[in-house]
Amino acid sequence: MQQNFYRLMMAAAVLTGAAFISGCSNDDEEEELVGNWVKVSDFDGVARCSAVTFTVDNTVYVAAGGYGGYKYRLKDLWKYNEDSGTWSEMAPMPDEAEARTYAVAFATEKYGYVGLGYNGDTYLKDFYRYDPASDSWTKIADFAGSARRAAVAFSVNGTGYVGCGFDGNHLKDFWKYDESTESWVQITSIGGSKRMGASSFVIDGIAYVIGGVNNSENVTDFWAFDPSTETWTEKRKLANTSDDDYDDDYASIARSYGVAFTMNGLGYFTCGEDAGSGETSTWEYNPVTDLWTERTSFEAGTRSEAVGFSLDNRGFVLTGKSGTYQYDDMWEFFPQDEYDGDD
């Protein structure tokens with residue numbers, strides 16, 4: 001009797017050990033994500049969230065935003081010097097322009113544009129053009145849509161596009177800026193959900209709009225815009241919609257106020273928030289296959305309302321907030337490197 005009991009106990013121990021080993025193996029596999037984040041030179045301006053960025057002639061600029069729990073809003077402008085990895089302060093937005101958060105920015109071949117946003121009391125619809133050659137700003141025609149905050153903007157082939165956002169209601173309209181006539185032209189609205197706090201990236205002349213929130217929920221539809229036909233095409237949803245394994249974790253991609261950038265023909269989406277909780281997961285998008293691959297999570301902790309940019313096939317994330325705390329650090333992502341927690 002005792003021998004039988006002993007044999008049963010030994011068998012249970014072996015099975016328990018096997019289950020433990022198997023469990024550890026699965027956890028290890030889940031943690032083996034590719035990609036490495038490296039901290040680089042801090043942003044020289046005031047730590048902030050809800051800033052904007054644009055790139056003219058392969059030079060990156062960061063403007064506006066807020067700090068002190070949105071108690072203070074900004075209208076300054078900073079230029080990134082890639083060779084030295086440092087920042088230079090440039091001419092601030094003009095006196096007539098109000099300091100703002102939740103603005104948008106885009107660039108053409110010669111100029112950067114900043115507009116819309118929130119001044120703490122009202123939504124804004126004014127727009128300003130920045131000329132890097134003279135380090136000066138000029139007011140242009142007001143945005144032709146409604147005054148709003150948390151819209152999304154992008155540039156394709158030297159033309160700027162602005163849409164979505166919040167004006168007291170969530171929006172999905174889209175407009176392009178005709179630089180030759182200095183006017184706004186309404187184009188076809190994005191399909192699917194209205195949204196605020198969306199992000200965008202551009203690959204091979206096609207713009208992608210991802211993320212955002214509507215009716216207090218993350219939107220899961222993901223859209224591509226072709227400026228040659230001014231048409232929108234829906235891509236795979238950010239949700240588990242199939243019986244296959246590839247999209248089992250796609251729901252974790254959906255978020256608002258995230259950061260998007262591109263490198264080597266691929267899109268990257270990281271940071272942001274989900275129902276008020278910060279996100280760190282990082283996802284890589286292949287436009288050829290319309291599939292996402294998870295990469296190493298952003299290493300500097302959760303944050304939303306950060307900015308990101310691409311420069312010479314290098315991707316960067318900087319600024320942002322967590323709760324009422326604002327950041328001024330800056331990180332570069334190496335998507336093909338192994339994770340190194342010591343760099």
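Where in this predicted model does Asp204 sit? Asp204 is in the loop that runs between β14 (199–203) and β15 (206–210).

View 1. Most residues other than glycine have a negative phi. On the solvent side of things, Asp204 is exposed, since its relative accessible area is 74% and the cut-off for that label is over 50%.

**View 2. Tyr70, with a positive phi of its own.** Here's another non-glycine residue with a positive value: the phi of Tyr70 is near 70°. Look for Tyr70 in the loop between β3 and β4 (72–81). Tyr70 has a relative accessibility of 22%, so it counts as partly exposed, because buried would need a value under 20%.

**View 3. Asp173 and its polar partner Arg148.** Asp173 belongs to strand β12, which covers residues 170–178. With 14% relative accessibility, Asp173 goes down as buried. Its side chain makes a polar contact with the side chain of Arg148, at 2.8 Å. Setting aside residues up to four places away in sequence, Asp173 touches Arg148 along with Val162, Gly163, Cys164, Gln186 and Ser189. Ile187 is 14 residues away along the chain, and its C-alpha atom is separated from that of Asp173 by 7.8 Å.

**View 4. Thr53 reaching a backbone oxygen.** Thr53 is part of strand β2. A polar atom of the Thr53 side chain lies 2.8 Å from the backbone oxygen of Tyr61. If you skip the neighbours within four places in sequence, the contacts of Thr53 are Val60, Tyr61, Val62, Ala105, Val307, Gly308 and Phe309.

**View 5. The largest nonpolar core, and a second one.** The largest nonpolar core has 18 residues, and the ones touching the most other members are Phe54, Tyr61, Leu77, Val114, Tyr130 and Trp137. Strands β2 (52–56), β3 (59–67), β6 (104–107) and β8 (123–131) are the elements that each give two or more residues to this core. Which residues does Val114 touch, not counting residues up to four places away in sequence? The list for Val114 is Val52, Phe54, Met93, Ala103, Val104, Ala105, Asp126, Phe127, Tyr128 and Trp137. There's also a second, separate core of 15 residues, with Ala224, Leu238, Phe269 and Trp283 among them.

Notes:
Residues are numbered from 1 along each chain as its sequence is written. This is a predicted model: local features need pLDDT of at least 70, side-chain atom pairs count only at pLDDT 80 or more; totals for chains, interfaces and linings use all residues. Side-chain values use heavy atoms; hydrogens and water are left out. Helices (H or I, at least four residues) and strands (E, at least two) are DSSP runs, numbered from the N terminus. Buried means under 20% relative accessible area, exposed over 50%, partly exposed in between (1.4 Å probe, protein chains only). Contact means heavy atoms within 4.5 Å. A polar contact is a pair of N or O atoms within 3.5 Å; within protein, one must be able to donate a hydrogen and the other to accept it, and residues adjacent in sequence count only if both atoms are side-chain atoms. A nonpolar core is a set of buried Ala, Val, Leu, Ile, Met, Phe, Trp, Tyr and Cys residues joined through side-chain atoms within 4.5 Å.
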